[in-house]
Amino acid sequence: MRKRRSKSSRKAWIYMVLSLCLSVCTGCASGGQEDQERRMTKKEKLVLWTYYETENQKISMDELANGFNQSQKEYELTWEYHGPVTEFNKSLAIAITQNQLPDLVILDNSDMHSYIKMGKLEDITSAVSKFGHLDDYFPNVMESVKYQGKYYGLPLCCNNVALIYNKDLLEEKGIRVPQTRAELKHAAKELTDADAGRYGFAMSAIDDEQGAFQFGTHMVLAGDSLEQAGGEGTKKALQFIQTMTENGWMSRKCVNWSQNDVAKIFLKGECAMMENGPWVFPKLDESGIHYGVAAFPGGGEQTGLLGGEDLAVIKGKNVRGSIAFLNYYSQADVMLNINLRANSLPPRRDVAQIYLNVKPQFQVILQQMDGCVSRAVCENWSELSRRLSNGIYRVITGESTPEQVCREIRSFQKE
């Protein structure tokens with residue numbers, strides 16, 4: 001039986017980890033470049049590719065690599081940026097054709113199964129089964145690193161989207177935080193102020209994975225699973241967004257906005273509420289804006305789509321070293337430290353609970369985790385994603401109707 005930590009001891013542990021997280025990692029710099037190169041010649045090299053590009057994400061990668069390198073004497077890990085995320089898969093495809101692959105990659109969890117089916121990832125089931133704490137991971141998060149009962153990597157982090165709102169504006173208008181689509185529509189209408197240049201609601205509807213990810217939450221909350229895309233729930237979700245844009249409660253310009261662009265619009269006061277994820281929390285905190293986070297309006301057991309990244313092991317490369325690295329990352333204190341730095345939710349429930357002691361704004365994101373739908377289990381997600389993002393784009397721009405888009409998606413689903 002696992003012993004529970006007392007509150008005082010748990011707090012002490014948390015602050016110890018935080019002090020490590022917030023300190024500057026200097027181990028890799030000690031002794032100068034010449035000493036570092038000499039050490040690397042004595043160790044087997046490991047290379048990790050990622051699309052992490054924010055300053056905090058880069059620091060998290062530095063600290064993860066340095067911590068692993070100092071924890072053992074066999075391997076020396078370096079990480080390389082091959083992004084942004086929209087270009088990462090292209091870089092990986094080129095590396096596959098040229099046989100210049102790294103040992104490990106960080107993948108969007110929706111892409112894992114595609115690479116597994118291509119035969120590019122290593123079956124590491126026997127090693128992962130010995131790591132321990134596997135039952136502590138969110139089950140839907142683990143679905144992305146497993147295929148036909150075998151493991152090909154380990155979750156790095158997870159997320160979902162929530163309703164983020166300007167508390168001052170809602171209080172000024174006497175509007176309560178919406179809990180249903182009808183309430184969201186009413187709130188958006190009341191909060192829209194053309195004279196002030198403010199829309200009631202904003203989301204990313206860009207014609208790429210981000211648009212599909214954001215619309216997917218509307219779709220599953222309206223009652224359609226990924227396998228049922230194109231059904232009545234999809235039509236209701238498209239009609240909702242059509243109504244919002246046609247009435248001017250949401251800008252049609254959202255077809256050009258990424259999720260980070262939407263956050264900038266929110267910070268400028270040009271929208272009162274937005275659909276977005278925890279990756280925008282640092283910008284909101286730095287701005288000092290009085291914001292709140294609520295479950296995305298819907299209902300039922302489903303709460304949206306699951307986002308996040310996985311650590312994947314490339315087939316035929318340094319598999320033994322990669323497994324050692326995954327085992328290192330799976331430790332609770334390491335996982336907590338890295339996710340605190342990168343501002344992402346840990347994929348283990350027990351670590352995520354501790355995480356809330358430091359970042360309480362993640363409470364809603366954590367509460368929604370169990371009801372999130374994994375894109376990885378959708379066999380044709382890449383094509384469905386393309387059709388969803390293109391469909392919402394066409395509905396907002398008036399090039400198509402919700403009914404027509406749904407017919408096209410249903411036709412594709414039957415193929």
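**Exercise A**

State whether N99 is buried or exposed.

*Solution.* The relative accessibility of N99 is 65%, so N99 counts as exposed. The cut-offs are these: buried means under 20% relative accessible area, exposed means over 50%, and partly exposed lies in between, for a 1.4 Å probe and protein chains only. As to location, N99 is in the loop between α4 and β3 (104-108). Helices (H or I, at least four residues) and strands (E, at least two) are DSSP runs, numbered from the N terminus. Finally, N99 is not glycine, yet its phi is positive, near 55°.

*Note on the model.* The structure is a predicted model, in which local features need pLDDT of at least 70 and side-chain atom pairs count only at pLDDT 80 or more, while totals for chains, interfaces and linings use all residues. Residues are numbered from 1 along each chain as its sequence is written, and side-chain values use heavy atoms, with hydrogens and water left out.

*Solution.* Helix α15 covers residues 332-342, and nine of its 11 residues are buried, so α15 is largely enclosed by the rest of the structure. Consider R341 in particular: R341 is buried, with a relative accessible area of 14%. Its C-alpha atom is separated by 9.0 Å from that of E63, which is 278 residues away along the chain.

N343 belongs to the loop between α15 and α16 (349-355). With 8% relative accessibility, N343 counts as buried.

**Exercise C**

Describe how helix α3 (residues 55-71) packs against α15 by giving the distance and angle of their axes.

*Solution.* Two packed helices are described by the angle between their axes and the distance between the axes. Here the axes of α3 and α15 come within 7 Å and cross at roughly 155°. Such axes are lines fitted to C-alpha atoms, for helices over the stretch in contact, and angles run from 0 to 180 degrees between N-to-C directions. Angles under 35 degrees count as roughly parallel, over 145 as roughly antiparallel, 65 to 115 as roughly perpendicular, and the rest as oblique. Therefore α3 and α15 are roughly antiparallel to each other.

The crossing of α3 with α15 is right-handed. A crossing is right-handed if the near helix is turned clockwise from the far one by less than a right angle, and left-handed if anticlockwise.

Turning to the residues, N56, Q57, I59, S60, E63 and L64 of α3 meet V334, N337, I338, R341 and A342 of α15. Contact means heavy atoms within 4.5 Å. By class, the contact of α3 with α15 has five nonpolar, four polar and two charged residues. In this scheme Ala, Val, Leu, Ile, Met, Phe, Trp, Tyr, Cys and Pro count as nonpolar, Asp, Glu, Lys and Arg as charged, and the others, Gly among them, as polar.

**Exercise D**

Repeat the analysis for helices α10 (residues 209-221) and α11 (residues 232-246), starting from the distance and crossing angle of their axes.

*Solution.* The axes of α10 and α11 come within 7 Å and cross at roughly 120°. That angle makes α10 oblique to α11. The crossing of α10 and α11 is right-handed. The contact involves F215, H218 and M219 of α10, together with G233, T234, A237, L238, F240 and I241 of α11. These residues of α10 and α11 divide into six nonpolar, three polar and no charged.

**Exercise E**

*Solution.* The open sheet has four strands in the order β8-β9-β7-β10, with mixed pairing. Its edge strands are β8 (199-202) and β10, each pairing on one side only. From one strand to the next, the twist averages 20°. Two strands pair if DSSP finds at least two bridges between them.

Take the pairs in order:

- β8 and β9 run parallel and are joined by three bridges; F201 has M273 of β9 as its bridge partner.
- β7 (residues 162-166) and β9 (residues 271-276) pair in the antiparallel sense over four bridges; A162 stands opposite N276.
- β7 and β10 (residues 291-294) run antiparallel, joined by four bridges; I164 stands opposite V293.
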